[in-house]
Structure formats: structure tokens, C-alpha cells
Amino acid sequence: MAATGVVAEPKTKYDRQLRIWGDQGQAALEKASICLLNCGPTGTEALKNLVLGGIGSVTVVDGSKVEASDLGNNFLLDEGCLGQPRAKSICSFLQELNDAVKAKFVEEFPAHLIDTNPSFFSQFTVVIATQLPESSLLKLDDICRKADIVLVAARSYGLTGLVRVSVKEHCVIESKPDHFLDDLRLHNPWTELKQFAKSIDINDKDPVVHKHTPYIVILDLIRAHMLNVDEENYKEAVDSSYKVSVTPGISNEIRQIIDDDSAEVNSSSSDFWILVAALKEFIAKEGNGELPLEGTIPDMTSLTEYYVSLQKIYQAKAEFDCLALEHHVKEILKRIGRDPDSISTTYIKTFCKNSRKLRLCRYRSFEEEFGSPIVSEIQRYFTDEDYSYAMNFYILLRAVDRLAANYSRLPGIFDSEIDEDIPRLKTVAASVLSEMGLNGASLSEDLITEMCRFGAAEIHPVAAFVGGVASQEVIKLVTKQFVPLRGTFIFNGIDLKSQVLVL
Amino acid sequence: MASPDAEQPAPTEPARWRDLDMLLSHPGNLVEASFDPSPGLRDLLGSLVEVLVVGAGGLGCELLKDLALSGFKKLHVIDMDTIDVSNLNRQFLFRVQDVGKSKAEVAAKRVMERVNGVNIVPHFCSIEDKEIEFYSQFHIIVLGLDSIEARSYINSVACGFLEYDLNDNPLQETVKPMVDGGTEGFKGHARVIIPGTTPCFECNIWLFPPQVKFPLCTLAETPRTAAHCIEYAHLIKWDEVHPGKLFDADDAEHMQWIYSEALKRAELFGICGVTYSLTQGVVKNIIPAIASTNAIISAACALEAFKLISGCSKSVSNYLTYNGLEGTHIKVTEFIRDKDCLVCGPGTLIELDTSSTLSDFIKMLEEHPTLRMSKASVTHEGNNLYMQSPEVLEQMTRPNLSVPMFELLKEVRYTTVHATGMAENNGKKVSSLRKLRVAFKGIEEASKMDTTLSS
């Protein structure tokens with residue numbers, strides 16, 4: 001029996017995803033505007049996932065009309081749409097999926113739009129370019145770079161496909177890694193922590209107290225007094241000792257960020273880099289070579305009052321470090337001529353808590369990647385058993401566009417020409433390789449044949465996979481949480497051994 | 001436009017399948033030996049192959065769409081749940097007006113509306129409600145489940161059909177492949193299970209990490225986190241204050257009570273962090289879920305089903321894990337079968353005297369060191385020898401309990417028998433199906449196994 005008058009409250013509807021990226025992540029998604037180029041199944045599936053999640057607005061750009069072949073691979077199109085502009089039909093179904101999203105369409109071929117109206121793209125947060133040939137992609141990449149817009153390229157081709165992010169720089173504060181060592185600082189305990197440890201009488205004969213002494217304290221005391229390990233929580237302490245064996249100081253990743261040129265800030269620097277500059281000063285001064293304390297401790301067997309006291313000690317130190325960092329931030333802002341209150345305390349606190357987990361993603365442009373290939377890396381991928389199929393597909397995906405430019409069609413589309421297309425593709429692919437400076441490498445005969453066999457097909461399950469990956473990258477890029485793809489993701493539908501090629 | 005009475009395919013056939021047909025009609029080198037490319041292959045698949053989709057939720061909706069657009073025309077979907085508002089962020093076949101209705105029924109209806117020629121039979125019930133025979137009609141079973149127990153059950157059913165020859169090789173015609181997917185947040189897995197060849201679900205059950213359980217003394221005496229306070233209210237305080245009253249996680253009032261009790265306890269101990277959202281999450285063991293991961297994993301599963309049935313490419317071998325937290329990380333691992341698996345193996349050998357009765361047999365199952373199955377119902381070649389329930393069947397089959405097994409099993413030396421009952425699995429007693437090889441002592445070896453020749 002259907003419930004009448006049920007209203008889908010956003011907090012309830014989005015509950016399962018709010019538990020992942022929180023209210024702030026959701027707010028970022030709801031402010032974002034996405035442009036999709038080409039709404040075949042790859043683009044449509046990418047957009048469907050974003051619309052379901054409550055993205056702010058989507059604009060679909062596609063110049064074609066709905067044909068019979070669209071009905072067999074695109075769920076959002078049915079017989080009633082035949083002959084209609086494809087972009088328009090897709091939009092109306094997307095609107096049905098989530099009426100909170102603004103869905104618009106532009107009936108125009110993306111290649112044409114790229115050539116004639118580059119400023120069109122400036123209004124968007126992210127452009128998702130699907131099924132674009134190389135020539136258009138290069139032009140679009142240039143446009144997006146100049147306007148500082150994020151570009152996500154995605155393509156499905158038979159049983160292969162790719163996803164690639166392209167933006168000059170993407171800075172992540174909340175990278176939320178899966179497993180990360182706790183920040184316990186036992187190698188460098190501060191005054192209050194030392195006092196707390198001393199205040200607990202490890203030789204207290206009361207079994208309840210003994211049993212519930214938190215393991216951090218035990219480890220500290222073990223370090224100092226070399227005690228016998230015997231009870232449950234002592235065992236826990238020793239078992240958990242790996243958790244506390246953090247290398248003191250700064251990780252390589254963070255070191256690279258603070259040593260980056262962008263950390264030399266000026267009035268045009270972003271808030272992120274200003275925080276980094278402040279972090280650098282903190283490390284040199286109050287931090288004594290260490291980052292601000294994160295402030296949380298893991299759960300451990302303990303009397304509640306001991307645990308809560310210990311928690312408070314860590315929280316207090318973290319707050320103290322954060323205040324010091326905030327002070328540096330304000331000084332820097334003044335120095336570069338900005339309002340010292342222009343960066344919120346909330347932002348600083350988030351940055352502080354996550355200072356060990358910052359991530360900086362920089363992407364080469366497509367032009368750089370194609371024009372200045374890193375030959376040693378490509379050769380390594382070719383010779384590595386786990387990566388060779390992916391590397392083959394990467395080259396072949398470029399080669400089919402080359403062939404299309406020469407023969408006005410992609411290989412394998414016509415049954416009668418498949419046999420001739422195979423050697424044609426081989427020749428074209430060889431020239432792509434030699435242009436890249438890889439004269440020695442050769443492609444797999446089987447994969448060249450496969451590529452022709454695919455007949456440039458865009459089949460639904462592959463499109464759904466590739467579109468799914470693209471939509472997930474967009475979510476990470478828009479929410480600025482978690483870490484986006486670095487490199488080109490190559491889908492391998494033959495044995496599912498897909499890989500990311502960093503080129 | 002063709003007249004309604006004309007027996008012609010819709011005007012968009014076969015053009016609509018242009019892209020799919022590329023893969024089904026073009027020969028290739030990286031294909032299965034059985035692959036027979038032809039323009040008619042898709043029609044053949046559509047008319048012959050019966051697919052069961054288990055689950056019509058986050059994965060199920062995506063699976064139905066993907067499979068319908070992969071040439072499969074005969075689908076069944078089974079799900080015992082109704083639609084909830086919190087499903088709408090990813091279960092795209094449902095609208096707010098559908099809240100409260102059966103997921104299986106709405107999903108089937110929506111896909112059939114949009115994909116011409118596909119037929120989907122919905123089943124609004126639990127997987128255990130179906131007779132084993134129900135499952136035998138399917139050529140492939142695709143799972144979009146969210147529990148270990150359910151996977152275990154379907155796995156034991158599918159593997160239950162598997163038979164071996166005298167050299168312990170699986171008989172191909174009894175192999176019922178499964179494709180299993182699972183997701184949680186940005187992570188997921190997809191695997192292909194070919195009983196007798198790849199590991200079954202039970203072979204690798206250790207892959208699933210044990211569920212987090214808080215020690216009782218922590219909850220009762222030394223809580224430290226918000227979750228401890230919540231579970232105290234849920235698992236201890238509720239029963240104290242409402243003796244005999246069953247806690248219902250879907251009842252908002254019950255949940256509100258847990259929340260306010262948890263808050264009180266947290267305040268008492270100086271613990272922060274108890275929110276209504278966390279309370280729901282802990283009590284209901286809510287798994288965060290997003291559309292994109294479900295789409296990715298389902299696509300992988302549907303693609304594998306398509307390739308497996310058509311032979312048009314290779315298969316994943318045999319377990320894919322996906323992690324989108326940092327970049328897009330995919331790893332394929334080839335796990336090996338457990339030769340001694342109770343579920344997909346040739347069956348636990350039980351040796352009987354010709355005088356042993358069915359009642360003796362059932363007792364042996366309970367006392368068997370590895371099986372330890374209690375309240376067993378026993379079937380042989382589709383015949384119910386003894387059923388514990390329902391009452392009507394129990395009464396009907398009760399007389400068999402005192403009959404010698406040798407007689408019930410048609411007086412052959414070896415045969416396969418299936419038993420369903422409560423068996424221990426990963427520390428819990430769950431409903432399980434086990435295959436048993438019965439061998440009678442002191443009988444001359446027959447020239448053929450089983451009763452392929454009538455006795």
C-alpha cells in the first residue's frame with residue numbers, strides 16, 4: 001500500500017550519502033553546475049548518478065536526434081523520444097529523477113560549440129566531456145585551463161574506456177584516508193601528558209584500576225620503566241604498539257607541499273596556500289619540527305574517567321596548536337594586504353586537524369601528455385604484465401581517432417571492412433607510437449583485432465562503469481573531499497584488470 | 001507504423017541493438033572457445049536464458065537496467081523489502097510516490113516500461129520462502145545483496161545443484177554460475193562464482209571481516225564513546241525498561257527513546273557525540289551508500305554475466321575489489337577453491353549401514369563434527385524425505401523417519417542427498433543447505449552412480 005503524502009525530506013533522502021561527505025560536502029554539490037558534452041550512455045550514466053545525489057544544475061550539450069540505436073544502450077530514452085533532440089529527452093528524464101536539480105539542454109554538437117563559443121564553458125564548475133575525439137579534447141582542455149574550470153574526460157569504446165581528470169591544481173584538506181595512524185605523540189609527550197601518566201599509579205594494587213589503565217599511559221610508562229606485560233590492557237598496549245610507531249616529524253607528501261613555490265604567498269594566493277604558509281611557520285616555531293596535534297585518540301580499554309581525562313588532554317593541546325596556527329594565518333594575511341579575519345576559524349580548524357593528510361593534485365594538460373610523453377614510464381607499463389593491456393588500450397584509443405581522421409569513420413563500423421581495418425589500425429597505431437618516441441614497442445595483435453571488432457560500440461554495461469567512475473571523480477572534485485584520480489584510468493572489460501596510467 | 005495485428009518486430013529492432021551486436025556478431029581472438037558469433041546470437045540469448053536478480057535495492061535496480069540492456073529478456077527479481085525515502089538517493093527506479101510499495105514489483109514494472117521486449121517477474125518475498133526447485137530454472141544468478149547470510153544461502157542453493165562424476169569432476173550441465181556484487185560507501189567488490197571451478201562464497205568466507213561487537217563490560221560499566229552509550233540503551237536499557245517488548249528499529253518512537261537514553265548516559269559519563277543520526281547508524285548498522293559505487297559494481301557484474309553466457313570475451317578471474325577513496329583503485333585476485341568445501345565440494349561423505357533409518361541419519365547430521373546441522377529437512381532428487389515444516393508436510397513425511405535410508409534412496413550404493421537446517425557459520429547458527437554423499441557399506445559397486453538407470 002503506497003504511502004500518500006510522503007515528502008522526501010532532503011535530510012532523509014540523502015541520509016546514506018550525508019554519512020560519507022557530511023552537510024558541507026552536500027552543500028558544495030548543491031552549489032555546483034555541471035556541463036555534459038554528448039549524452040550517449042556514458043555521459044547519461046555519469047549525470048544520472050550526480051542528479052540522484054542532488055547536484056545543483058546540469059546542462060546537457062548534444063546535437064544529435066534520438067535514433068533507434070540509442071534505445072538499446074540508453075535507459076533514459078524510449079520509443080517516444082525517437083526523432084527528438086537527444087539532449088532535450090535526456091534532460092526531461094533527469095528532471096524526473098530529482099526535481100531539486102536544474103536541468104537544461106543545448107542542442108548543439110560539442111565540437112562546434114568548442115570551436116565557436118569557448119566562453120560558454122566559463123559558467124560551469126565541472127565539464128564532463130564524453131566520447132570526444134582527441135582534436136576536440138585538446139581544444140576544450142585549453143579552454144578549461146584558461147578559465148580555471150575542472151575538466152573530466154570519459155570515453156567508452158567496446159570493452160575498453162577511459163577517465164581522466166584535467167585541472168591545473170586541486171588541493172584537498174579533507175582527504176579522509178581509510179587507514180591512518182593515530183597522532184599520539186608518545187615519542188614527544190608534552191608537559192600535561194607526562195603529568196597525567198605520572199599521576200596514574202601503575203603499581204596500584206586495586207585490580208579494577210590496574211585493568212583499566214589506558215594503553216597509551218602504559219606504553220609511556222613501559223618506555224620509562226620497562227614493566228612486565230601481563231594483563232588484557234597491557235596486551236592491548238603491546239598489540240597496538242604499531243599504531244604508535246609513527247615516524248616523528250613530517251611525511252614526504254606534506255614536506256613537498258610546504259616546500260612548494262606556491263607556499264611563498266602573495267595577495268593573489270588561495271586560502272589553501274596561505275594556510276600552508278602558516279603551517280610552515282608553525283612547524284618552525286611552536287611545532288618544533290612537528291605538525292599541529294590532531295587531538296583525537298582511539299578507543300581503548302580504560303576506566304571512563306581516565307579515558308575522558310586523557311581525551312581532554314589531547315583536545316587541549318590540539319586547540320592550543322590551532323590557536324598558534326591561527327595567529328600565523330592572521331599575520332600572513334596582514335602582510336599580504338588582506339583582511340586578517342577573511343579566513344574563518346572553522347576553515348583553519350579543519351585545516352589544522354587534517355594537516356597530516358593534506359593532498360595536492362596537479363595534472364599535466366592533454367597537450368603536455370601527448371606532446372611530451374614520458375617514454376621511460378610508457379615503456380615500463382608496456383613491459384609490466386599487470387599494465388600492458390591498459391597501455392595498449394591507451395595507445396589504441398588515440399589511434400582510432402587518427403584512423404577516423406583519415407577514413408572519416410572509426411574502424412570496424414562496417415562488417416565488410418573489418419578485415420582491412422585491422423592492418424590499417426596497426427599502421428596508424430605504429431605511427432602514434434613512433435611520434436611518442438617509442439619505436440621499439442609493439443602492440444598486441446589480439447588487442448588491435450579486438451579494437452576493430454568493437455566497432456566503436458558504446459555498450460551499456462561498459463558505459464555505466466565508465467560513467468560511474470567519472471561521476472565519482474566529479475563528486476570528489478566538487479566536495480573537495482577524498483582524493484581524485486591522478487592519471488588516466490583505463491577500463492579493461494576483458495578481464496576487468498583496469499589500471500591507472502600516470503603519464 | 002505497423003498495424004497492431006502484424007506479427008513484425010518493433011520498427012526499432014534490430015537497429016536498437018547495433019552496438020551490442022558488434023560484440024556478439026564479430027569473431028575475435030580473446031573469446032571463449034564456445035563463442036559462436038552471429039547476428040542471431042542476441043535473439044538466442046534473449047529467448048533462452050533465464051536470469052535471476054537477487055535484490056532490488058541499490059545494486060538490484062542498476063543490475064536490472066544493465067542486464068535488460070545487455071540482451072537478456074527473461075528476468076526474475078526477488079526482494080522482500082518495501083521502498084523507503086532513504087533509498088531515493090540511488091535506487092533510481094523508485095519515486096517518492098512509491099514509498100511503501102514492494103521494491104521488486106516497482107523495479108520490474110519500471111524496467112519493463114522503458115525497455116521494450118524485456119519480461120521481468122517480480123517476487124515480493126524472502127529468498128528462503130522459495131522452494132529449491134524455483135532456483136533450478138535459472139541459467140545464471142546475479143546477486144545484489146547486503147548481508148553475508150543471504151549470500152551464503154543463495155550460494156548453498158546454487159552449489160546444491162552441482163554434481164560430480166566418479167572422478168570428482170563437476171558435471172557441466174549441473175553448474176549454476178553466480179555473479180556477486182557488494183558495496184559500501186566508496187568501496188565494493190564483484191566476483192564470478194562457477195561452482196566446482198572457482199571458489200564459492202563459502203570457500204572464501206574468511207574474506208569478510210567480523211562485525212564490530214562491543215564487549216558487554218564496556219557497555220555496562222566503562223563506556224568511552226558515543227556508540228557505547230547508544231548500544232547500552234539499545235541492548236541493555238531497553239529490555240530493563242520494556243521487558244518482553246520487542247525493539248523495532250523502524251519505529252521512530254523506539255528510536256527516539258534509544259536516542260534520549262543514550263544522551264542521558266553520555267552526559268553522565270562526560271562523553272560527547274551522541275546525535276540522532278549516529279543513533280540510527282549504530283542501531284540499524286547503516287551502511288553509507290551512493291549511486292556511483294553501486295553503478296560501477298553492478299555494471300561489472302552485468303558485464304560478467306553477459307560475457308559468461310555469450311562467450312564473447314573472457315571472464316574476470318575471479319574476484320574484483322574496487323576502492324574509490326583515493327583515485328580509482330581496482331584489483332583482481334584469483335582465489336582458489338577449497339577442495340574440502342562443505343558447500344561446493346562433492347559433498348560430505350556419510351557412510352551408512354543398510355539398516356540405518358532416516359531418523360538415525362538426521363541424528364548423525366547433528367552429531368557430525370563438521371556439519372553440526374540441527375533440525376534437518378532431507379530431500380533426495382527433488383523428493384521430500386522428511387520436512388521439519390510446515391506442519392502439513394511434517395505429518396506427511398513423518399512415517400519416513402523409521403524407514404531404512406537404503407530403501408528411501410532406491411537401493412543404490414552411492415547417491416547425493418540434500419539437507420537444510422540450522423548449521424554453524426562464522427560463529428552463528430544460520431539456515432543452510434548442505435550436500436551429502438551417502439555411501440552404503442557392504443554393497444557391490446554399481447556400474448553407474450545415482451539412479452540414472454531406474455532400479
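In strand β2 of chain A, Ser57(A) is the bridge partner of Ser33(A). The two residues belong to a predicted model, in which local features need pLDDT of at least 70, side-chain atom pairs count only at pLDDT 80 or more, and totals for chains, interfaces and linings use all residues. Residues are numbered from 1 along each chain as its sequence is written, chains are lettered from A and ligands numbered from 1 in the order in which they are written, and side-chain values use heavy atoms, with hydrogens and water left out.

Strand β1 (residues 33–37) of chain A runs parallel to β2(A), and five bridges join the two. Strands are DSSP runs of E with at least two residues, helices are runs of H or I with at least four residues, and both are numbered from the N terminus. Two strands are said to pair if DSSP finds at least two bridges between them. Strands of a sheet pair through backbone hydrogen bonds, either parallel or antiparallel. Strand β1(A) is also joined to β4(A), by four bridges in the parallel sense; here Leu37(A) has Ala129(A) as its bridge partner in β4(A).

Strand β2 (residues 57–61) of chain A is mostly covered, with five of its five residues buried. Residues count as buried under 20% relative accessible area, as exposed over 50%, and as partly exposed in between (1.4 Å probe, protein chains only). Ser57(A), Thr59(A) and Val61(A) point one way from β2(A), Val58(A) and Val60(A) point the other way, and all are buried.

These pairings belong to an open sheet of chain A, whose eight strands follow the order β3-β2-β1-β4-β5-β6-β9-β10 with mixed pairing. At the edges stand β3 (102–106) and β10 (499–501) of chain A; each has a single partner strand, so one side of each is left without a neighbour in the sheet. On average, neighbouring strands of this sheet are turned by 20° against each other, direction ignored. For such angles, axes are lines fitted to C-alpha atoms, for helices over the stretch in contact, and angles run from 0 to 180 degrees between N-to-C directions.

Chain B likewise contains an open sheet of eight strands, in the order β3-β2-β1-β4-β5-β6-β7-β8 and with mixed pairing. Its edge strands, β3 (119–123) and β8 (329–333) of chain B, each pair on one side only.

Chain B has 14 helices and 13 strands, and 56% of its 455 residues are buried. Its C-alpha trace spans about 75 × 70 × 45 Å along the principal axes. Domain bounds come from an automatic or database domain assignment, which for chain B gives domain 1 (36–209 + 289–333), domain 2 (216–284) and domain 3 (348–440). The C-alpha centres of domain 1 and domain 2 of chain B lie 36 Å apart.

Grid points are joined across faces, edges and corners, and a volume is the space filled by probe spheres set on the points. Four cavities of 30 Å³ or more were found.

The largest cavity holds about 200 Å³ of space. Its lining consists of 20 residues, of which Leu137(A), Arg155(A), Leu162(A), Phe366(A) and Phe370(A) lie nearest the centre. Helix α19(A) provides the largest share of this lining, four residues. Eleven of the lining residues are nonpolar, three polar and six charged, where Ala, Val, Leu, Ile, Met, Phe, Trp, Tyr, Cys and Pro count as nonpolar, Asp, Glu, Lys and Arg as charged, and the others, Gly among them, as polar. Domain 1 (10–174 + 459–501) and domain 3 (372–454) of chain A each give at least three residues to the lining of the largest cavity.

The second largest cavity has a volume of about 70 Å³. Its lining includes Trp21(A) and Ile475(A) as well as Ile290(B), Ala291(B) and Ser292(B). The largest share, three residues, comes from α2(A). By class, this lining has seven nonpolar, four polar and no charged residues.

Conventions. 1 Å grid on protein atoms, 1.4 Å probe; cavity = no way out; pocket = protein on both sides within 12 Å on 5 of 7 lines; lining within 4 Å.
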